[in-house]
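Work through the exercises below with the model open. Try each task before reading its solution.

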Amino acid sequence: MNFQTTLAIAATATVGYLIYFDYKRRSSPEFRKKLRQDRIEAQKIKPKSGTRKQSLETLPEEPIPTTAEGLQQYFIKYIQAGEALSKQGPDAYEMAAQCFLRAIQVYPEPMQLMTSLQQSIHPAIMELIMAHIAAQVEKSKDQQVE
């Protein structure tokens, strides 16, 4: 057999392996139960329309430190607060998202932090963070237009 044939057989076997285990995972009762629980949790924490914008506007303004040490303490304070709140359950997800958002604002590379947060926090919190960022962008666009 030549190299191309061997490569094609290996690729076909790998795809078949992935399809088989994906089928097994999706047909598993535990997987379906977890999906159902995640949907229920997501519905519980979805605020009514306009609530996100209001909660963003009512956040108390806290001055961002200007020194490197102050920024580091500010970042650590809000990351730890966000992690603690995220462990308290869906009722505290909004506050956790706000804490993570403040930490993201002072981090030198926010996209890198967002990527690591996306892997480590509940997806519902990440959705709230993204919604807050979108609201901030929309608010700044509105201010620029005026």
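This is a predicted model: local features need pLDDT of at least 70, side-chain atom pairs count only at pLDDT 80 or more; totals for chains, interfaces and linings use all residues.

Residues are numbered from 1 along each chain as its sequence is written, and side-chain values use heavy atoms, with hydrogens and water left out.

**Exercise 1. Find how many salt bridges the whole structure holds, and name the partners.**

Step 1. Apply the criterion: a side-chain nitrogen of Lys or Arg within 4 Å of a carboxyl oxygen of Asp or Glu. The search returns three salt bridges.

Step 2. Start with Asp22. Its closest O atom to an N atom of Arg25 is 2.6 Å away. Asp22 also meets the side chain of Arg26, at 3.0 Å from N to O.

Step 3. Move to Lys34. It pairs with Asp38, and the closest N and O atoms are 3.5 Å apart.

Step 4. Asp22, Arg25 and Arg26 form a salt-bridge network.

**Exercise 2. Place each pair on its helix and work out the spacing.**

Step 1. Take helices as DSSP runs (H or I, at least four residues), numbered from the N terminus; strands are E runs of at least two.

Step 2. Asp22 and Arg25 both sit in helix H1, residues 3-27, three residues apart. Arg26 lies in H1 too, four residues from Asp22.

Step 3. Lys34 and Asp38 belong to helix H2, residues 29-45, and are four residues apart. That spacing is about one turn of the helix.

Step 4. Recall the geometry. An α-helix has 3.6 residues a turn, so residues three or four places apart point the same way.

**Exercise 3. Identify the buried residues of helix H6 and what they pack against.**

Step 1. In H6, residues 110-120, the buried residues are Leu113, Met114 and Leu117. They lie on the same side of H6, because they cover an arc of only 100 degrees around the axis. The arc uses directions from the helix axis to the C-beta atoms.

Step 2. Turn to the face away from the buried side. It carries the exposed residues Met111, Gln118 and Gln119.

Step 3. List the partners. The buried residues of H6 pack against helices H4 (68-86), H5 (93-106) and H7 (123-145), where contact means heavy atoms within 4.5 Å.

Key. Buried means under 20% relative accessible area, exposed over 50%, partly exposed in between (1.4 Å probe, protein chains only).
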